[in-house]
Amino acid sequence: MTSTRDRLLTEGMRLFGERGYAATSVAQIEAAAGLSPGSGSLYKHFRSKEELLTAGMNRLLAGGDELADQLTTRAPQSPAEQLAAVVTAGLRRLDEDRDVSRLLFRGLESFPELLQRFGTEEIGRFHAEAVAMLADLADDAAGTTGTTDWEAVAVVLQGAVVHYWLMTDLFGAHPSGVGEDRFVKAAADLLSGFLGSEGRS
(Lines give C-alpha, C1' and ligand atoms only; values in the text may rest on other atoms or scores of the structure.)
Protein backbone atom coordinates (compact mmCIF):
# COMPACT_ATOMS: atom_id res chain seq x y z
CA MET A 1 0.00 0.00 0.00
CA THR A 2 1.10 3.55 -0.70
CA SER A 3 2.35 5.36 2.40
CA THR A 4 0.78 8.61 3.56
CA ARG A 5 4.01 10.43 2.72
CA ASP A 6 3.98 9.06 -0.83
CA ARG A 7 0.34 10.04 -1.29
CA LEU A 8 1.06 13.56 -0.10
CA LEU A 9 4.06 13.76 -2.42
CA THR A 10 2.19 12.45 -5.46
CA GLU A 11 -0.89 14.58 -4.93
CA GLY A 12 1.09 17.67 -3.99
CA MET A 13 3.17 17.51 -7.16
CA ARG A 14 0.06 16.87 -9.25
CA LEU A 15 -1.68 19.90 -7.79
CA PHE A 16 1.43 22.07 -8.19
CA GLY A 17 1.50 21.11 -11.86
CA GLU A 18 -2.20 21.71 -12.40
CA ARG A 19 -2.69 24.88 -10.34
CA GLY A 20 0.75 26.26 -9.71
CA TYR A 21 2.71 26.22 -6.47
CA ALA A 22 1.34 29.45 -5.00
CA ALA A 23 -2.27 28.58 -5.81
CA THR A 24 -2.08 25.19 -4.08
CA SER A 25 -2.76 25.16 -0.35
CA VAL A 26 -1.62 22.64 2.24
CA ALA A 27 -5.28 21.85 2.95
CA GLN A 28 -5.88 21.03 -0.72
CA ILE A 29 -2.91 18.66 -0.75
CA GLU A 30 -4.15 16.97 2.42
CA ALA A 31 -7.65 16.55 0.97
CA ALA A 32 -6.31 15.13 -2.31
CA ALA A 33 -4.22 12.63 -0.33
CA GLY A 34 -7.33 11.43 1.52
CA LEU A 35 -6.56 13.26 4.76
CA SER A 36 -8.62 15.75 6.70
CA PRO A 37 -8.04 19.15 5.07
CA GLY A 38 -6.58 21.71 7.44
CA SER A 39 -5.58 19.06 9.96
CA GLY A 40 -1.87 19.78 9.58
CA SER A 41 -1.21 16.14 8.64
CA LEU A 42 1.20 17.24 5.93
CA TYR A 43 3.54 18.67 8.55
CA LYS A 44 4.05 15.23 10.07
CA HIS A 45 5.91 14.28 6.87
CA PHE A 46 7.22 17.58 5.47
CA ARG A 47 8.28 20.70 7.32
CA SER A 48 6.70 22.89 4.66
CA LYS A 49 5.05 22.95 1.27
CA GLU A 50 8.43 23.91 -0.20
CA GLU A 51 10.05 20.83 1.33
CA LEU A 52 7.39 18.71 -0.36
CA LEU A 53 8.24 20.39 -3.69
CA THR A 54 11.94 19.68 -3.19
CA ALA A 55 11.21 16.05 -2.33
CA GLY A 56 9.11 15.73 -5.48
CA MET A 57 11.95 17.12 -7.59
CA ASN A 58 14.41 14.75 -5.90
CA ARG A 59 12.17 11.79 -6.67
CA LEU A 60 11.85 12.78 -10.31
CA LEU A 61 15.56 13.42 -10.85
CA ALA A 62 16.42 10.04 -9.33
CA GLY A 63 14.53 8.34 -12.17
CA GLY A 64 14.87 8.29 -15.94
CA ASP A 65 16.55 4.89 -16.16
CA GLU A 66 14.60 3.75 -19.22
CA LEU A 67 15.59 6.79 -21.28
CA ALA A 68 19.18 6.64 -20.04
CA ASP A 69 19.38 2.96 -21.02
CA GLN A 70 18.04 3.65 -24.50
CA LEU A 71 20.51 6.50 -25.00
CA THR A 72 23.56 4.60 -23.80
CA THR A 73 22.91 1.02 -24.93
CA ARG A 74 24.28 0.16 -28.36
CA ALA A 75 21.97 -2.72 -29.26
CA PRO A 76 22.36 -4.60 -32.56
CA GLN A 77 19.64 -2.72 -34.39
CA SER A 78 19.40 -0.21 -37.20
CA PRO A 79 19.86 3.51 -36.45
CA ALA A 80 16.16 4.09 -37.21
CA GLU A 81 15.13 1.42 -34.71
CA GLN A 82 17.43 2.79 -32.03
CA LEU A 83 16.26 6.35 -32.63
CA ALA A 84 12.61 5.27 -32.50
CA ALA A 85 13.27 3.56 -29.17
CA VAL A 86 14.95 6.72 -27.86
CA VAL A 87 12.11 9.01 -28.98
CA THR A 88 9.53 6.68 -27.41
CA ALA A 89 11.50 6.53 -24.15
CA GLY A 90 11.78 10.33 -24.23
CA LEU A 91 8.00 10.66 -24.47
CA ARG A 92 7.54 8.24 -21.57
CA ARG A 93 10.03 10.24 -19.51
CA LEU A 94 8.00 13.37 -20.20
CA ASP A 95 4.96 11.49 -18.91
CA GLU A 96 6.91 10.96 -15.67
CA ASP A 97 7.93 14.64 -15.75
CA ARG A 98 4.35 15.85 -16.32
CA ASP A 99 3.88 17.63 -12.99
CA VAL A 100 7.26 19.37 -13.10
CA SER A 101 6.94 20.18 -16.81
CA ARG A 102 3.61 21.88 -16.11
CA LEU A 103 5.08 23.63 -13.08
CA LEU A 104 7.82 25.11 -15.29
CA PHE A 105 5.09 27.39 -16.65
CA ARG A 106 3.30 27.89 -13.33
CA GLY A 107 5.79 29.30 -10.87
CA LEU A 108 8.93 27.15 -10.73
CA GLU A 109 10.92 30.29 -11.55
CA SER A 110 10.21 31.31 -7.95
CA PHE A 111 12.61 28.53 -6.95
CA PRO A 112 15.77 29.26 -8.97
CA GLU A 113 17.82 26.49 -7.36
CA LEU A 114 15.24 23.84 -8.24
CA LEU A 115 14.87 25.30 -11.73
CA GLN A 116 18.64 25.14 -12.19
CA ARG A 117 18.71 21.55 -10.97
CA PHE A 118 16.00 20.56 -13.46
CA GLY A 119 17.92 22.27 -16.25
CA THR A 120 21.20 20.57 -15.35
CA GLU A 121 20.17 17.18 -13.98
CA GLU A 122 17.29 16.49 -16.34
CA ILE A 123 17.55 18.49 -19.56
CA GLY A 124 21.34 18.80 -19.59
CA ARG A 125 21.91 15.19 -18.59
CA PHE A 126 19.80 13.71 -21.36
CA HIS A 127 21.11 16.23 -23.88
CA ALA A 128 24.69 15.11 -23.22
CA GLU A 129 23.70 11.46 -23.59
CA ALA A 130 21.84 12.22 -26.83
CA VAL A 131 24.93 13.99 -28.22
CA ALA A 132 27.08 10.95 -27.45
CA MET A 133 24.54 8.58 -29.03
CA LEU A 134 24.26 10.63 -32.24
CA ALA A 135 28.03 10.95 -32.55
CA ASP A 136 28.42 7.19 -32.09
CA LEU A 137 25.76 6.43 -34.69
CA ALA A 138 27.41 8.86 -37.11
CA ASP A 139 30.79 7.27 -36.49
CA ASP A 140 29.32 3.83 -37.25
CA ALA A 141 27.76 5.12 -40.47
CA ALA A 142 30.61 7.26 -41.76
CA GLY A 143 33.73 6.14 -39.96
CA THR A 144 34.06 9.67 -38.59
CA THR A 145 31.93 12.20 -36.75
CA GLY A 146 32.99 14.86 -39.27
CA THR A 147 32.16 18.48 -38.56
CA THR A 148 28.47 18.09 -37.73
CA ASP A 149 27.36 20.02 -34.65
CA TRP A 150 25.81 17.11 -32.78
CA GLU A 151 25.10 19.29 -29.75
CA ALA A 152 22.79 21.42 -31.90
CA VAL A 153 21.27 18.37 -33.60
CA ALA A 154 20.50 16.92 -30.16
CA VAL A 155 18.74 20.17 -29.22
CA VAL A 156 16.59 19.84 -32.36
CA LEU A 157 15.71 16.27 -31.37
CA GLN A 158 14.90 17.23 -27.78
CA GLY A 159 12.89 20.23 -28.93
CA ALA A 160 10.79 18.20 -31.34
CA VAL A 161 10.01 15.53 -28.74
CA VAL A 162 9.19 18.04 -25.99
CA HIS A 163 7.01 20.18 -28.25
CA TYR A 164 5.06 17.16 -29.49
CA TRP A 165 4.53 16.00 -25.91
CA LEU A 166 3.48 19.46 -24.68
CA MET A 167 0.90 19.91 -27.45
CA THR A 168 -0.47 16.42 -26.82
CA ASP A 169 -0.64 17.04 -23.07
CA LEU A 170 -2.36 20.40 -23.58
CA PHE A 171 -4.95 19.28 -26.11
CA GLY A 172 -5.37 15.62 -25.16
CA ALA A 173 -4.18 14.65 -28.65
CA HIS A 174 -1.88 16.49 -31.02
CA PRO A 175 -3.90 19.11 -32.93
CA SER A 176 -2.36 17.94 -36.20
CA GLY A 177 -3.97 14.53 -35.80
CA VAL A 178 -0.56 12.86 -36.02
CA GLY A 179 -0.48 10.08 -33.43
CA GLU A 180 2.52 9.03 -31.40
CA ASP A 181 3.47 6.08 -33.60
CA ARG A 182 3.62 8.29 -36.68
CA PHE A 183 5.57 10.98 -34.85
CA VAL A 184 8.12 8.49 -33.52
CA LYS A 185 8.62 6.93 -36.97
CA ALA A 186 8.97 10.31 -38.68
CA ALA A 187 11.51 11.57 -36.13
CA ALA A 188 13.54 8.35 -36.37
CA ASP A 189 13.41 8.32 -40.18
CA LEU A 190 14.49 11.97 -40.42
CA LEU A 191 17.46 11.50 -38.11
CA SER A 192 18.56 8.18 -39.58
CA GLY A 193 18.30 9.70 -43.05
CA PHE A 194 20.44 12.61 -41.90
CA LEU A 195 22.99 10.21 -40.44
CA GLY A 196 23.08 8.36 -43.73
CA SER A 197 23.58 11.54 -45.71
CA GLU A 198 26.43 12.52 -43.40
CA GLY A 199 28.05 9.18 -44.12
CA ARG A 200 27.87 9.84 -47.87
CA SER A 201 29.16 13.43 -47.68
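A residue counts as buried when its relative accessible area is under 20%. Keep that cut-off handy for the exercises below, and remember that this is a predicted model.

**Exercise 1.** Work out whether Glu 122 is buried or exposed, and what its side chain pairs with.

*Solution.* Start with the location: Glu 122 sits in helix α7, residues 112-142. Its relative accessibility is 4%, so Glu 122 goes down as buried. Next, look for polar partners: the Glu 122 side chain has a polar contact with the side chain of Arg 93, at 2.8 Å. Finally, list the neighbours. Leaving out residues up to four places away in sequence, Glu 122 touches Leu 61, Arg 93, Asp 97 and Arg 117.

**Exercise 2.** Describe how helices α1 and α3 pack.

*Solution.* First, the geometry: α1 (residues 4-19) and α3 (residues 49-61) meet at an angle of about 95°, their axes 9 Å apart. Angles of 65 to 115 degrees count as roughly perpendicular, so α1 is roughly perpendicular to α3. Then pick out who makes the contact: α1 contributes residues including Leu 8, Leu 9, Met 13 and Phe 16, while α3 brings Leu 52, Leu 53 and Met 57 among them. Last, sort by class: the contact of α1 with α3 has eight nonpolar, three polar and four charged residues.

Notes:
Residues numbered from 1 in each chain as written. Predicted model: local features only at pLDDT ≥ 70, side-chain atom pairs only at ≥ 80, totals over all residues. Heavy atoms only, no water. Axes fitted to C-alpha atoms, helices over the stretch in contact; angles between N-to-C directions. Helix = DSSP H or I, 4+ residues; strand = E, 2+ residues; numbered from the N terminus. Parallel < 35°, antiparallel > 145°, perpendicular 65-115°, else oblique. Contact = heavy atoms within 4.5 Å. Nonpolar A, V, L, I, M, F, W, Y, C, P; charged D, E, K, R; others polar. Buried < 20%, exposed > 50% of the residue type's maximum accessible area, 1.4 Å probe, protein only. Polar contact = N/O pair within 3.5 Å; in protein donor to acceptor, adjacent residues only side chain to side chain.
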